[in-house]
Amino acid sequence: MQEYQDNYAKVKEEWKEKARTWDYKERYEALGLSGWSDSVLTLNYYDRQYLIDPTTGEITRRDDPGAAIDFNTTMNIYHLFYYSAKNPRLSGEWVPFRDVPRAGVFTKAFFEQTVDPFARTFNGHLQELLEAGERLGFARIPYSDAGFEAHVFDCLSIRFLFWDGDEEFPAKANVLFDKNIVEFVHEETVVLIAADGLKRLVEAADLPQDGRPYRFYAP
């Protein structure tokens, strides 16, 4: 565990250095984001607003500047600016993970470490999930027993689906993405985004999460 923590800290510092070199004004315009300025940038990520110092690359929470920013959140924000295409566009077509371009190599880990534990965590806890989604401000959608659409960033959303289990069948879950999501982030970042959203749902429901967290591999 200590080795992972040390490696992740090193990766965060490396990306922080990269973040000092980016043309944020160009990226904000290309992504259709508001919140750009010469001195400080604002960015909404799931249920919180973050500040980015363009001169240092430092990311902080607007409501709690001294709070530590977890690894997934840090990488997802950095990757949005680094990996997004010159002119990214949403397709409006929702697809499962297996249909996300170039993401196939992560499919096994995605289900074993993210989707399947999510289903097991909320098995028999449908009401807790519904209340957690409402607490986080996720929009209900009319699919599955508990379906939500959440804004990851102002320019990108994600959908979470859950079917509760019974005596005959176990609970099931799935996550849907815009087919063009890799025009906005790296294909492995898609996994991190889903894992982060599901983690927030579990925490909002105050339930112990089943399974281990997803391990980050891409540079």
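Glu187 is buried, with a relative accessible area of 14%, where buried means under 20% relative accessible area, exposed means over 50%, and partly exposed covers the values in between (1.4 Å probe, protein chains only). The model is predicted, so that local features need pLDDT of at least 70 and side-chain atom pairs count only at pLDDT 80 or more, while totals for chains, interfaces and linings use all residues. Residues are numbered from 1 along each chain as its sequence is written, and side-chain values use heavy atoms, with hydrogens and water left out.

The side chain of Glu187 meets that of Arg102 in a salt bridge (3.4 Å, N to O). This pair links distant parts of the chain, 85 residues apart, with Glu187 in helix α6 and Arg102 in the loop between β4 (94-96) and α4 (107-122). Helices (H or I, at least four residues) and strands (E, at least two) are DSSP runs, numbered from the N terminus. In contrast to the buried Glu187, Arg102 counts as exposed, at 55% relative accessibility.

The structure holds nine salt bridges, each defined as a side-chain nitrogen of Lys or Arg within 4 Å of a carboxyl oxygen of Asp or Glu. One of them joins Glu112 and Lys108 (2.8 Å, N to O). Both residues lie in helix α4, four residues apart, or about one turn of the helix. Glu112 is partly exposed at 37%, whereas Lys108 is exposed at 58%. A further salt bridge is formed by the side chains of Glu17 and Arg20 (3.2 Å, N to O). Glu17 is partly exposed, with a relative accessible area of 44%, and Arg20 is also partly exposed, at 45%.

Helix α6 (187-205) also takes part in a pocket. The second largest pocket contains about 210 Å³ of space. Of its 14 lining residues, Arg48, Asp70, Lys199, Arg200 and Glu203 are the closest to the centre. On a 1 Å grid over the protein atoms alone, a pocket is an open set of points with protein on both sides within 12 Å along at least five of seven lines, whereas a cavity is a set where a 1.4 Å probe fits but cannot get out; lining residues have an atom within 4 Å of a point. Grid points are joined across faces, edges and corners, and the volume is the space filled by probe spheres set on the points.

Strand β2 (48-52) and helix α6 each supply at least two residues of this lining, and α6 gives the most, with five. By class, the lining has eight charged, five nonpolar and one polar residue.

Terms used: Ala, Val, Leu, Ile, Met, Phe, Trp, Tyr, Cys and Pro count as nonpolar, Asp, Glu, Lys and Arg as charged, and the others, Gly among them, as polar.
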